[in-house]
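This report describes selected features of one protein model. Please look at the sequence and the structure below before reading on.

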Amino acid sequence: MNQEINFKLAINNLLQQKADAIKAVYRQWGNNLVRALKRASPEDRGRLKKSIGYRVLPRGKVKPGETIRLLVGILDPKSPVLKYLRFILKGTRPHFVPVKTRGGRYTGILGWAQRHRLVVYKDGKWVWASGARQGKEFTGMYLGIKGDDFFQEAYNKYKGRIEKDIRKVLEGR
């Protein structure tokens, strides 16, 4: 009976050591992936970059049969970034974005145009700063963006290397 208990303890300790080693690999790759995603993400105000993070689950000891997971991305389900992330990843078809909706609410396009120096304030109104419409009132603009699923690209780029590192841990190398 004592030998069986010692054997189970040794196996459990070995499994926990492997689990801890896998978690260490995931933490290293979590940092690497976060850096890669932040480099690849488009930047306007920097909110998307600030929202990218990683988490290794479960926290603490791993129970037998429990899956160790690496989560990378926008981890806060209430993050305001999630409202527009799908448009960055999947893109949008060309459409007109007015400064104000029919209901009188501002859409945010004026602020975006200001940050990108597309408009200037002149004679009590916002006008185009340059181009064919220079000097004409800014009422909105046509936009359409090609999708950039940089999350999937990073996953595809590093998946094989992460799996290789995990195999090394499992094989004891």
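## A partly exposed aspartate and its partner

Asp44 is partly exposed, with a relative accessible area of 34%; buried means under 20% relative accessible area, exposed over 50%, and partly exposed in between, for a 1.4 Å probe and protein chains only. Asp44 forms a salt bridge with Arg115, and the closest N and O atoms of the two are 2.5 Å apart. The pair links distant parts of the chain, since Asp44 lies in the loop between helix 1 and helix 2 while Arg115 belongs to helix 4, 71 residues apart. Arg115 is likewise partly exposed, at a relative accessible area of 32%. A salt bridge is defined here as a side-chain nitrogen of Lys or Arg within 4 Å of a carboxyl oxygen of Asp or Glu. Helices (H or I, at least four residues) and strands (E, at least two) are DSSP runs, numbered from the N terminus.

## The model and its confidence

The model is predicted: local features need pLDDT of at least 70, side-chain atom pairs count only at pLDDT 80 or more, and totals for chains, interfaces and linings use all residues. Residues are numbered from 1 along each chain as its sequence is written, and side-chain values use heavy atoms, with hydrogens and water left out.

The predictor's confidence in each residue, called pLDDT, runs from 0 to 100. Its mean for the protein is 91, and 93% of the residues reach 70 or more.

How many salt bridges does a search of the whole structure find? The search finds three. One of them joins the side chains of Glu43 and Lys49, at 3.1 Å from N to O. Lys49 is partly exposed, with a relative accessible area of 22%.

Another salt bridge is formed by Glu163 and Lys159, whose closest N and O atoms are 3.5 Å apart. Both residues lie in helix 5, four residues apart, which is about one turn of the helix. Glu163 has a relative accessible area of 35% and is partly exposed; Lys159 is partly exposed at 33%.

## The largest pocket

The largest pocket has a volume of about 1100 Å³. On a 1 Å grid over the protein atoms alone, a cavity is a set of points where a 1.4 Å probe fits but cannot get out, and a pocket is an open set with protein on both sides within 12 Å along at least five of seven lines; lining residues have an atom within 4 Å of a point. Grid points are joined across faces, edges and corners, and a volume is the space filled by probe spheres set on the points.

The largest pocket is lined by 25 residues, and Asp44, Tyr84, Phe87, Ile88 and Trp112 lie nearest its centre. Helix 3 gives the most to this lining, with four residues.

## The second largest pocket

About 360 Å³ of space lies in the second largest pocket. Its lining has 14 residues, of which Leu33, Leu70, Val72, Tyr155 and Ile162 lie nearest the centre. Helix 5 supplies the largest share of this lining, eight residues.
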